[in-house]
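Please keep the sequence and the 3D view open while you read.

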Amino acid sequence: MEIPLCKTYMDEKELAAVKTVLDSGWLAHGPKNKELENQFKGYVGTKHASCFNSCASALLTAILAKDLKGEIILPSFTFTASANAIELAGCKPVFVDIDENTFNISLEEIEKNINDKTVAIMPVHYAGQICEMDKIMELANKHNLVVIEDSAETIGAKLNGKHAGSFGIGCFSFYPTKNITTGEGGLLTFNDDSIVAKVNAIKGHGIVKPTFDREEDVKAWYRDAVLPGYNFRMSDINAAIGVEQMKKLDEINALRQKHSLYLNKQLEEVVGDKLIVPKSNNIENHVYQMYVIKLNEANDRDALLKHLKDNKIGASVHFEPVVHQQTYFKQKYPITLKVTEDIQRRIITLPMFPGLKQEELDYMVLKIEEFFKK
Ligand SMILES: Cc1ncc(COP(=O)(O)O)c(C=O)c1O
């Protein structure tokens with residue numbers, strides 16, 4: 001048996017949707033982008049949604065559109081894209097520690113690091129679990145800070161019925177390892193009417209009205225840049241895949257949750273004294289984009305990874321090195337984060353995707369049990 005780390009969940013619907021776009025002759029940013037945006041904002045519950053070619057571009061655009069200049073507080077326990085966006089926008093990333101149970105940004109650590117240079121907080125919803133957004137928003141409102149949620153790993157998780165990415169400005173990823181995919185792709189969600197034109201301009205060469213929308217204009221050729229924008233747009237080929245994936249999102253997340261709860265129960269039963277499984281207070285809080293276990297003994301970690309690899313189980317680590325220990329950031333912002341540095345040595349990401357079969361789940365449990373019992 002061979003189990004990959006992740007596998008997409010697609011059928012002939014995505015194929016047919018792509019063919020329709022190819023046949024239409026309009027392949028670039030166009031009507032399918034609009035369809036995906038309408039679907040997504042309806043699902044997440046925000047006023048606006050804007051498709052991007054990646055979450056990284058959405059993150060950068062969020063900072064530029066809000067014209068932020070100063071310090072942005074974020075966890076170091078994230079993919080480097082979160083910090084890159086801050087750095088590329090000319091702001092300073094202030095890395096803070098995480099909660100040792102959820103691996104999400106610690107509220108106390110945010111509070112400790114707020115000063116008069118702080119302009120924003122960037123919580124990262126790690127592996128599918130939403131952060132304490134109610135408390136983070138309270139803190140942000142108290143200090144008049146912008147909140148940019150890095151929701152790349154969390155499409156569909158909720159806190160008290162409210163979606164990740166709908167509290168502040170939400171940045172999502174449709175990379176193939178994420179809850180749903182468009183190949184490459186991302187999306188920005190927000191409620192602030194005042195940044196709509198700026199978001200469009202930043203992602204489309206500085207021009208507020210995209211080509212498709214100008215088609216009906218008397219002077220359709222007239223392109224006026226209002227700022228030095230870039231091209232962060234999604235093609236309609238990718239958006240067509242996204243529209244079909246959105247229809248499957250609830251089913252995908254329900255399967256991820258079902259498989260994860262099964263693994264939680266089985267692993268706790270057989271090796272509960274060796275590791276901690278990823279639990280959440282409420283199932284709506286976690287959509288298990290990744291299934292991450294924490295070993296009690298850091299010394300077991302690399303040996304267990306090797307054992308899993310030898311048995312063709314596609315396990316991995318998210319994330320090591322953590323961002324503040326990566327070459328660029330450690331030279332520029334030397335800092336020690338106790339919990340983050342300890343956790344990166346103890347974690348293993350096990351395969352998690354909607355199509356996992358019962359025998360595959362049992363095989364993973366068996367191989368982990370075998371490792372600890374030998
Ligand atoms: C937390 C986080 N932020 C940002 C990204 C970047 O997403 P993308 O590849 O769509 O730019 C990722 C993807 O791995 C991520 O996990």
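Strand β11 (residues 291-295) and strand β12 pair in the antiparallel sense, over four bridges; here two strands are said to pair if DSSP finds at least two bridges between them. The names follow DSSP runs numbered from the N terminus, where a helix is a run of H or I of at least four residues and a strand is a run of E of at least two. This is a predicted model, in which local features need pLDDT of at least 70 and side-chain atom pairs count only at pLDDT 80 or more, while totals for chains, interfaces and linings use all residues. Residues are numbered from 1 along each chain as its sequence is written.

A residue is called buried if 20 or more other C-beta atoms lie within 10 Å of its own, exposed if 12 or fewer do, and partly exposed in between, with C-beta atoms placed from the backbone.

Parallel pairing can be found elsewhere in the model. Three bridges join β2 to strand β4 (residues 118-121), and these two run parallel, with Glu 71 opposite Thr 118 in β4. β4 also pairs with β5 in the parallel sense, over two bridges, and there Ile 121 stands opposite Val 147 in β5.

Taken as a whole, the protein chain has 13 helices and twelve strands. Its radius of gyration is 21 Å, close to the 21 Å that the globule rule gives for 374 residues, so the chain is as compact as a globular protein of that length; the radius is taken over C-alpha atoms, and the rule is 2.2 Å times the number of residues to the power 0.38. Of the 374 residues, 48% count as buried.

The chain is divided into domain 1 (12-246) and domain 2 (249-373), with bounds that come from an automatic or database domain assignment. The contact between them takes 28 residues from domain 1 and 25 residues from domain 2, where two residues are in contact if their C-beta atoms, placed from the backbone, lie within 7 Å. On the side of domain 1 that touches domain 2, β3, β6 (158-159) and α9 (236-271) each supply at least two residues. The C-alpha centres of the two domains lie 26 Å apart.

Which residues come nearest to the ligand? Of the 14 residues around it, these are Ser 54, Cys 55, Ala 56, Ala 152 and Ser 173, and a residue is near if its C-beta atom, placed from the backbone, lies within 6 Å. The elements that give two or more residues to this shell are α3 (55-65) and α4 (81-88). In α4, Ala 81, Ser 82, Ala 83, Ala 85 and Ile 86 are buried, and what covers the buried residues of α4 includes α3, β2 (71-75), β3 (92-96), β5 (146-150) and α11 (327-332).

Some loops deserve a careful look at their backbone. The loop between α10 (301-310) and α11 holds Phe 319, and the peptide bond from His 318 to Phe 319 is cis, with omega near 15°. Pro 321 has its place in the loop between α10 and α11, and the bond from Glu 320 to Pro 321 is cis, with omega near -5°.

Phe 103, in the loop between β3 and α5 (107-113), has a phi near 65°, a positive value in a residue other than glycine. Asn 160, in the loop between β6 and β7 (162-163), has a positive phi of about 50° although it is not a glycine. Is each of these two residues buried or exposed? Phe 103 counts as buried because it has 24 C-beta neighbours inside 10 Å, whereas Asn 160 is exposed, with 10 other C-beta atoms within 10 Å.
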